[in-house]
Structures are given as C-alpha cells and as structure tokens.
Amino acid sequence: MTRWIRRTMVPVALAATTLALSTPTAAAHHPERLPLPTVYTLGEGHSLPCAGQITGSLETPHDQPGTAWVTLSWTPFFTSPCSVTANVSAWNNDTGWHGVTPIRLTNESSGLGAPAGRWTDRAQIPLGSGRSGLTVTTGTLSSFYIDTIRMTTLFRVP
C-alpha cells in the first residue's frame, strides 16, 4: 500500500510543478491591439487635392489600467504637404466618461513616396476601466458621415 501512495504522489507532484512552471506570465502586461477602420477624408479646408486616408490602431495595455492609446497615420493621395486634424471621440459606457482628443497630422509626401513630416502621432486617452468605444472624424467630409456604424470601434479597457 505504501508503494502505491508513493507512485501516485510523485506523478501528481510532478504534474502540479509542470503546470505551475508552464503558466504564461507575460500575458499580464501584454497590450491588446485593435486596428481602427480606415477614414477616407478631404484635407484641411475641404481640399480635394489634399484628400487621403487616416489609418490607425488602438492599444489597451494591461499594465496601464483605464488607459487607451490611439495611434493615427495620415496619407494624402495626390498633393503634399497636406494636413488634417483627426478628432478621436471616445467614451466609456460604464463610467460615463466621454471626450474628444484632437490629433493634428501633416504629411509632406504623397502617394507612394516615403512619409515625411508629422504624419503619424499617438495620444493617450484616460477612459477608465470598462466597456468603451471611439470614432475618428475630421472637420471635413469623411467616410464617417457615410457609415457611422462601421466607423465606430467598441472595446473593453482593463
């Protein structure tokens, strides 16, 4: 009987040790990244020659609870330099927080040229933890006004 207990105890202890050592620890501070819908827009002053697109991503890092980081990039299609101000409207359904963060972007190249200028920027948004959402709009005609539902990003902030 003593042999049987020893044999069962060793595999159980070994399995528990293996499980404890194989538990991923990096997941606690790994940021959640989400692509944002592409916004097609006219440039500043409703400029058709300065039309382009704003692309971006959203991060909600686990090591920064209640915080969202938005990164946006501006690419004009035809002429440069071109500027646009992207307005990131964000809200938290659980806390009631809402606000608008303007991000001014200027691209000094167009089309397939290498980006130059302040064509990309990042903003920190203190949303608080909970169910949240955001949209990216501009002060000119953009794809947001054509399809607001598709241009809205919903997410959870840790």
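Mentor: The largest cavity here comes out at about 40 Å³. This is a predicted model, where local features need pLDDT of at least 70, side-chain atom pairs count only at pLDDT 80 or more, and totals for chains, interfaces and linings use all residues. Residues are numbered from 1 along each chain as its sequence is written, and side-chain values use heavy atoms, with hydrogens and water left out.

Trainee: Which residues line the largest cavity?

Mentor: Leu36, Pro37, Val39, Leu134, Thr135, Val136, Met151 and Thr153. They count as lining because each has an atom within 4 Å of a point. Strands E1 (32-43) and E7 (130-138) each supply at least two of the lining residues; a strand is a DSSP run of E, at least two residues long.

Trainee: Why is E7 called mostly covered?

Mentor: Because buried means under 20% relative accessible area, and eight of the nine residues in E7 are buried.

Trainee: How do you know which strands pair with E7?

Mentor: Pairing takes at least two DSSP bridges between two strands. E4 (residues 82-92) and E7 have seven, antiparallel, and E7 and E8 (residues 153-157) have five, also antiparallel, so both pairs qualify. Gly133 in E7 stands opposite Trp91, and its bridge partner in E8 is Leu154.

Conventions
On a 1 Å grid over the protein atoms alone, a cavity is a set of points where a 1.4 Å probe fits but cannot get out, and a pocket is an open set with protein on both sides within 12 Å along at least five of seven lines; lining residues have an atom within 4 Å of a point. Grid points are joined across faces, edges and corners, and a volume is the space filled by probe spheres set on the points. Helices (H or I, at least four residues) and strands (E, at least two) are DSSP runs, numbered from the N terminus. Buried means under 20% relative accessible area, exposed over 50%, partly exposed in between (1.4 Å probe, protein chains only).
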